[in-house]
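Biologist: I'd like to learn how to read a model like this one, feature by feature. Could you walk me through it?

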Amino acid sequence: MTSSMQNNEPITQATTVANPSNKREIIAWNRHRRQDRTVSDWIVDSIIAIIVIAVIVAITYPLWFIIIASFSSPTAVSIGDVTFWPKGTSLTGYAKILTDTRIWMGYRNTLLYSIVGTAVNLLVTIPAAYALSRREFKPRRIIMFLFTFTMFFSGGLIPSYLLMKQLGLINSMWVFILPGAFSVYNMIIARSFFETSIPEELRDSARVDGVSYFGFFFKIVLPLSGAILAVIGLYFFVGHWNDYFTGLIYIRDEGKYPLQNVLQMILLTNQTTQGSGNVGMSATQAQNFADQIKFGIIIVSSLPLLVLYPFLQKYFNKGVMIGAVKG
């Protein structure tokens with residue numbers, strides 16, 4: 001046993017560096033000791049830091065501008081005085097939006113569609129993903145091919161509308177839920193999770209104890225799948241929350257509009273009012289007021305998801321690595 005091991009010194013890795021006399025010497029690497037950095041190291045680190053900062057600014061500044069513009073004076077926003085901080089704080093846009101009863105109707109409908117739709121999505125997608133992850137399920141390759149085929153080919157808008165009409169889903173809440181109940185993309189993600197994260201030894205042990213497939217799925221697989229359930233559930237919920245096209249095509253009753261379509265109605269109403277001229281407002285003032293309402297609408301529609309995401313972030317960080325190569 002060497003003296004370094006007797007002294008319980010950390011194990012080091014030898015690295016080769018060049019000295020000024022063009023001779024190479026061996027220096028022990030120790031992660032607890034600050035290493036000497038060359039000029040090229042500082043240059044590379046500086047370039048990386050600049051790129052990272054530029055990317056962060058490019059992503060966050062538009063969001064920050066929307067927030068401060070929604071609280072600023074419409075005139076200050078229109079002439080470009082608002083850059084980093086709000087100027088001439090004004091809440092008239094939010095007052096106009098939140099006093100409109102259609103907003104709360106849209107929130108109610110969207111929450112209903114999103115919660116029920118997400119529950120149906122998980123109820124259909126997760127069991128199918130688990131079944132297709134089992135190697136003893138012989139027709140799984142054929143079924144996977146048929147599922148994957150639907151990702152690239154569809155009937156188009158007119159055949160889809162005629163189908164929804166024949167099924168009696170036009171102007172119904174179920175048109176938001178049933179047609180998209182199964183997601184092939186999310187099923188593939190969940191299937192990869194079950195194949196790589198659920199050990200086969202668990203199934204063997206359960207079989208010895210006489211546990212059926214359904215018992216194994218409900219008692220063992222689902223409790224171990226919290227990360228994938230949270231991630232897939234978040235994907236589904238966001239998809240339902242942002243669903244604008246379905247309401248635009250299939251819904252005729254304004255009382256069943258989701259939030260996105262309600263916000264569009266409010267925005268168009270204010271633009272129309274601006275075009276016809278508001279009482280006591282010039283055309284420029286009306287345009288500025290409509291722009292402030294537009295910024296407020298963006299915040300109102302995005303706020304629930306921004307509040308929900310931090311609670312699911314830890315699961316989301318795990319879930320995005322599902323299916324990746326690990327080693």
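Biologist: Let me start with one side chain: is Arg134 buried or exposed?

Modeller: Buried means under 20% relative accessible area, exposed means over 50%, and partly exposed is in between (1.4 Å probe, protein chains only). Arg134 has a relative accessible area of 9%, so Arg134 is buried. A word on the source: this is a predicted model, where local features need pLDDT of at least 70, side-chain atom pairs count only at pLDDT 80 or more, and totals for chains, interfaces and linings use all residues. Residues are numbered from 1 along each chain as its sequence is written, and side-chain values use heavy atoms, with hydrogens and water left out.

Biologist: Which residues are linked with Arg134 in a network of salt bridges?

Modeller: Side chains of opposite charge can pair when their charged atoms come close. The cut-off here is a side-chain nitrogen of Lys or Arg within 4 Å of a carboxyl oxygen of Asp or Glu. Arg134 is linked with Glu136 and Glu200 in such a network. The closest N and O atoms are 3.1 Å apart for Arg134 and Glu136, and the N to O distance for Glu200 and Arg134 is 2.9 Å. Glu200 lies in helix α9 (residues 200-208) and Arg134 in the loop between α5 and α6, so this pair ties together parts 66 residues apart in sequence.

Biologist: How many salt bridges does the structure hold?

Modeller: There are 4 of them. Another one pairs Glu195 with Arg191, with 3.4 Å between the closest N and O atoms. These two are 4 residues apart in helix α8, so about one helical turn separates them. Glu195 is partly exposed at 31%, whereas Arg191 is buried at 17%.

Biologist: Let's zoom out. How many helices and strands does the chain have?

Modeller: Helices (H or I, at least four residues) and strands (E, at least two) are DSSP runs, numbered from the N terminus. The chain comes to 14 helices and 2 strands. Of its 327 residues, 32% are buried. For contacts, think heavy atoms within 4.5 Å. Among those between residues at least 6 apart in sequence, 65% join residues at least 24 apart.

Biologist: Can we see that on one residue? What does Thr110 touch?

Modeller: Leaving out residues up to four places away in sequence, Thr110 touches Trp241, Pro258 and Leu259. Thr110 lies in helix α5 (residues 101-133) and is buried at 1% relative accessibility.

Biologist: Last one: which element gives the largest share of the lining of the largest pocket?

Modeller: That's α11, with 4 residues.
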